[in-house]
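Hello,

Here is the structure we spoke of, handed over for your own use. My notes follow it.

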Amino acid sequence: MKKLLIAILIIGITAFIGYKYLYQSHRDIQGEKAEFTLGATELVREFFESSDISSKKYVNKTIIVHGKLTEIEDNSLLLNDAVYSTFDTNHNVSVSSLNSDFTIKGRCIGYDELLEVVKFDQASIIK
């Protein structure tokens with residue numbers, strides 16, 4: 001009987017920990033302090049030169065990136081043809097803003113070797 005109780009307790013604790021891990025609250029990227037601030041070209045160059053080291057350094061981190069706006073889509077922007085950022089909501093940036101300086105804050109999700117761009121999600125425009 002004692003062994004059964006201990007087994008049930010262990011299963012219950014494991015299930016609780018698993019549930020908390022899987023359903024943890026979402027990160028508030030806009031509210032987080034950025035761990036790095038750098039230029040779009042510099043960031044993509046680091047990934048191009050050493051993808052493994054840069055991935056360990058930047059992936060899943062909140063980063064502020066600045067550069068020239070080179071492409072606009074519905075929910076995304078491209079800075080310096082190097083950093084592709086997606087937004088949770090529409091960004092309200094007009095085509096007349098092309099080639100203007102922009103600064104974004106977002107979570108780095110990795111380097112796309114095919115397109116040679118660093119990808120961000122949950123981005124927001126700082127300026």
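In these notes, axes are lines fitted to C-alpha atoms, for helices over the stretch in contact, and angles run from 0 to 180 degrees between N-to-C directions. This is a predicted model: local features need pLDDT of at least 70, side-chain atom pairs count only at pLDDT 80 or more, and totals for chains, interfaces and linings use all residues. Residues are numbered from 1 along each chain as its sequence is written, and side-chain values use heavy atoms, without hydrogens and water. Helices (H or I, at least four residues) and strands (E, at least two) are DSSP runs, numbered from the N terminus.

Helices

The axes of α2 (residues 40-49) and α3 (residues 51-58) cross at roughly 130° and come within 5 Å. On the α2 side, the contact (heavy atoms within 4.5 Å) is made by Leu43, Glu46, Phe47 and Glu49. On the α3 side, Ser51, Ser54, Ser55, Lys57 and Tyr58 take part.

Strands

Strands pair if DSSP finds at least two bridges between them. β5 is joined to β2 (residues 62-73) by seven bridges, running antiparallel; His66 stands opposite Thr103 of β5. Seven bridges also join β5 to β6 (residues 117-125), again antiparallel, and Asp112 has Val117 in β6 as its bridge partner. The hairpin of β5 and β6 has four residues between the strands, and Glu116 in the turn has a positive phi of about 55°.

Regards
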